[in-house]
Amino acid sequence: MVRKPLGFRDFPVQLTFANCTLDLSTRELRRDGIAVHLPPKAFTLLEHLIRERPRLIPRAELDERLWPRSYVGRSSLGRLVAELRAAIGDDARAPRMIRTVHGAGYAFCAEVSSEPAPGNAHFVLVWRDLPFALSEGEHLIGREGDCRIIVDVAGVSRHHARIQVAGRLALIGDLASKNGTYVNRRRIAKPTPLEHLDEITLGTAVLTVRRLTGSAATQTVYGP
């Protein structure tokens, strides 16, 4: 079966594979309908493996994404993969989801389907063709694993910016980042309202704001 690209029109905020569901908006993992604790780095690893599937991701690339600019022992990634496998119910001896190529890296090999998001979001932030639902409350953006939206590219600070959503109002503010936060190519100095199709630039990353009509489950947006 050909893998369907994860595009905005599909609104894949919830991804399902095997007996697991990964909610990208709330950063929650459920297995057989039961919530499973997944530490931030394990979540980042799982999200990256799914995003890049079925590509084999070299160990060096995963090390840099998970522990940027830090030295870690060669066994650190192996332990994290084992922790992730335990959470999703995969078996290294007969893998159904995470394939290991010894000495090279890892690849996600399970089929993934997308589901509509819960209907409590008025905005979506799209980066690299992957949408993140902006539900009511605070959304931290940056490279660190505790961020709601992880953007791990050049020029992005560990905690770079914050989006606050209250009803149909969304404000973005910079968190004293080194390279600044830009909305439609203008550097912001104070919390700034976001509108449909606004472009947010953080380092080398460009994210697009989408305003939803009605509930997210309708998959309908304003504009083209």
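Author: Happy to. Let us start with arginine 185, which counts as exposed at 75% relative accessibility; exposed means over 50% relative accessible area, buried under 20%, and partly exposed in between, with a 1.4 Å probe and protein chains only. This is a predicted model, so local features need pLDDT of at least 70 and side-chain atom pairs count only at pLDDT 80 or more, while totals for chains, interfaces and linings use all residues. Residues are numbered from 1 along each chain as its sequence is written, and side-chain values use heavy atoms, with hydrogens and water left out.

Arginine 185 sits in the loop between strand 15 (181–183) and strand 16 (186–187). Helices (H or I, at least four residues) and strands (E, at least two) are DSSP runs here, numbered from the N terminus. The backbone of arginine 185 has a phi near 70°, a positive value in a residue other than glycine. Leucine 197 also has a phi near 70°, again positive and again not in a glycine. Leucine 197 belongs to the loop between strand 17 (192–193) and strand 18 (199–202), and is partly exposed, with 37% relative accessible area.

Strand 16 holds arginine 187. Leaving aside residues up to four places away in sequence, arginine 187 touches Ser177, Lys178, Asn179, Gly180, Thr181 and Tyr182, where contact means heavy atoms within 4.5 Å. Its C-alpha atom is separated by 9.7 Å from that of isoleucine 200, 13 residues apart along the chain.

Where is histidine 160 placed? It lies in the loop between strand 12 (149–150) and strand 13 (161–166), and with a relative accessible area of 0% histidine 160 is buried. Its side chain makes a polar contact of 3.2 Å with the side chain of serine 177. A polar contact is a pair of N or O atoms within 3.5 Å; within protein, one must be able to donate a hydrogen and the other to accept it, and residues adjacent in sequence count only if both atoms are side-chain atoms. A polar atom of the histidine 160 side chain also lies 3.0 Å from the backbone nitrogen of serine 157.

By the ring rule, the count comes to one aromatic pair: rings of Phe, Tyr and Trp (its six-membered ring) pair if their centres lie within 6.5 Å, and planes under 30 degrees apart count as stacked, over 60 as edge-to-face and the rest as tilted. Phenylalanine 17 and phenylalanine 108 form this edge-to-face pair, 5.3 Å centre to centre with 90° between the planes. Phenylalanine 17 is buried at 0% relative accessibility, and phenylalanine 108 is buried at 1%.

As for cysteines, a search of the whole structure finds zero disulfides, a disulfide being a pair of cysteine sulfur atoms within 2.5 Å. Cysteine 20 is buried at 0% relative accessibility, whereas cysteine 109 is partly exposed at 40%.

On a 1 Å grid over the protein atoms alone, a cavity is a set of points where a 1.4 Å probe fits but cannot get out, and a pocket is an open set with protein on both sides within 12 Å along at least five of seven lines; lining residues have an atom within 4 Å of a point. Grid points are joined across faces, edges and corners, and a volume is the space filled by probe spheres set on the points. The second largest pocket has a volume of about 190 Å³. Of the 13 residues that line this pocket, Lys41, Leu66, Pro68, Arg143 and Glu144 are the closest to its centre. Helix 1 and helix 2 (59–66) each supply at least two residues of that lining.

There are two cavities of 30 Å³ or more. The second largest cavity, at about 30 Å³, is lined by Thr44, Glu47, His48, Arg51, Arg65 and Ile150. Helix 1 gives the largest share of this lining, four residues. Proline 54 is in the loop between helix 1 (40–52) and strand 5 (57–58), and the peptide bond from arginine 53 to proline 54 is cis, with omega near 0°.

Stepping back, the chain has three helices and 19 strands, and buried residues make up 49% of its 224 residues.
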